[in-house]
Amino acid sequence: MDLVVRLAPAKINLTLAVLGIRPDGYHDLHSVMVPLDVADRLSVSPLPPGSVDTLHTTGFDPGPAADNLVLRAFAAARRGAAGPWRAAGRAGDPPALAARLEKRIPVAAGLAGGSSDAAAALDAALVAWDMELDAETRHAIAAELGSDVPFFLAGGPALSEGRGERITPIPWLRDDDERHDRPGVLLVTPAVPLSTPAVFRAWDAGARNMAAGARQASVHLADELRRGMASDALTVRAAILASANDLAPAALAVEPALVPFKRALMRLTGRAIGISGSGPTHWALYASHPEAVVAAQELRAAVADGRLAAPGARPPFIVAARILAPVPRRDQ
Ligand code: C5P
């Protein structure tokens with residue numbers, strides 16, 4: 001069997017409303033999420049009988065392999081596939097897998113790189129085993145692996161609700177002029193990894209927005225996208241979206257050095273700056289990808305000559321990204 005290769009995209013939350021805490025300690029969310037062309041690369045191949053799953057990573061350090069969601073996804077996929085595997089008359093369990101993961105997405109950054117790796121690993125494992133699982137079983141395995149994992153099964157922009165397990169794909173921008181590079185997204189990730197549980201705990205402890213604007217902005221954006229929104233209309237909304245993250249005050253409470261950093265980004269870019277998920281990745285929207293590329297170059301220069309001081313032991317990760325959206329069909 002050949003190598004199975006998958007790209008595992010990063011995501012940002014254009015909106016993130018925390019609706020409340022649930023009896024299980026998780027939080028009910030309402031969030032419009034979009035996948036980006038910044039992606040980890042996962043390659044998977046089956047190993048001989050008697051082997052165990054292995055994982056080799058390069059790039060950003062994802063921490064201990066044993067905790068890695070790729071290995072957890074393989075184990076969960078194997079449990080889910082064991083019944084159909086035997087029912088098909090195949091001996092033993094689906095074989096062990098060797099994985100290579102090139103981490104190009106910063107870790108603990110609010111970009112859901114680990115969750116995306118898990119979704120890619122689930123898919124790659126099934127292909128490597130020549131197995132299919134119905135959408136419901138895949139979704140159940142994804143939800144068990146983590147709250148952000150089901151989003152990556154959707155393969156495009158989506159509304160995420162509940163704990164993250166209720167995913168509704170949403171149509172992306174009308175693109176009448178066929179310029180699929182719109183809008184551009186500038187990502188800036190300072191090297192201060194943030195723990196998602198710690199940020200939710202800070203929200204629980206009261207680090208919250210007093211105004212309930214995120215929910216309204218999130219519901220409104222989802223409605224507008226469903227009705228067919230033009231790219232320009234999205235960039236006009238950038239300031240509202242940038243402030244529509246209920247976890248932002250909690251992220252800033254956990255890492256106060258982000259407060260002056262965000263201010264500096266606003267000053268240097270002249271843009272509204274949003275925070276993705278539980279942070280610390282900051283984003284800004286541009287009318288086109290080339291404009292985001294120029295902004296990324298300017299910020300890198302500002303880091304190099306000391307005009308932008310960033311928290312963390314390393315310089316921030318700065319990149320221009322595109323939103324991955326299904327290309328609209330012209331005959332519809
Ligand atoms: O589901 P996952 O393990 O990725 O979530 C990481 C942590 O984020 C959880 O342990 C929980 O503290 C928090 N979380 C939450 N509500 C959500 C999603 C995540 O409280 N909807």
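Phe60 is partly exposed, with a relative accessible area of 23%. On this scale, buried means under 20% relative accessible area, exposed means over 50%, and partly exposed lies in between (1.4 Å probe, protein chains only). The model is a predicted one: local features need pLDDT of at least 70, side-chain atom pairs count only at pLDDT 80 or more, and totals for chains, interfaces and linings use all residues. Residues are numbered from 1 along each chain as its sequence is written, and side-chain values use heavy atoms, with hydrogens and water left out.

Now the aromatic rings. A pair of aromatic rings is described by the distance of the centres and the angle of the planes. Rings of Phe, Tyr and Trp (its six-membered ring) pair if their centres lie within 6.5 Å; planes under 30 degrees apart count as stacked, over 60 as edge-to-face and the rest as tilted. The whole structure holds 2 aromatic pairs. Phe60 sits in the loop between strand E3 (54-59) and helix H1 (69-87), and Phe317 belongs to strand E10 (residues 317-322), so the pair ties together parts that are 257 residues apart in sequence. Helices (H or I, at least four residues) and strands (E, at least two) are DSSP runs, numbered from the N terminus. Phe151 and Phe152 also form an edge-to-face pair, with 5.0 Å between centres and 75° between planes. Phe151 is buried, at 2% relative accessible area. Phe152 counts as buried too, at 13%.

Two arginines lie over rings. A charge sits over a ring if NZ of Lys or CZ of Arg is within 6 Å of the ring centre and within 35 degrees of the ring normal. Arg163 lies over the face of Tyr26, 4.5 Å from the ring centre. Arg208 lies over Trp203, at 3.7 Å from the ring centre.

Next, the domains. The protein is divided into domain 1 (4-169) and domain 2 (184-322), with bounds from an automatic or database domain assignment. Their C-alpha centres lie 25 Å apart. Contact (heavy atoms within 4.5 Å) takes 29 residues from domain 1 and 36 residues from domain 2. How much area do domain 1 and domain 2 bury between them? About 2500 Å², with 68% of it on carbon and sulfur atoms. Buried area is the accessible area (1.4 Å probe) that two parts lose on being put together, summed over both. Leu14, Leu16 and Val18 supply 22% of the area that domain 1 buries against domain 2, more than any other three residues. The interface also has 1 salt bridge, a side-chain nitrogen of Lys or Arg within 4 Å of a carboxyl oxygen of Asp or Glu. Elsewhere in the list of contacts, the side chains of Asp37 and Arg322 meet in a salt bridge (3.6 Å, N to O).

Last, the backbone. Most residues other than glycine have a negative phi, and most peptide bonds are trans. Gly279 and Pro280 are joined by a cis peptide bond, with omega about 5°. Pro280 is in the loop between strand E8 (274-275) and strand E9 (282-286). Ala112 has a positive phi, near 60°. Ala112 lies in the loop between strand E4 (97-103) and helix H2 (113-128), and counts as buried at 13% relative accessibility. Asp130 has a positive phi of about 55°. Asp130 is in the loop between H2 and helix H3 (135-145), and is exposed, with a relative accessible area of 62%.
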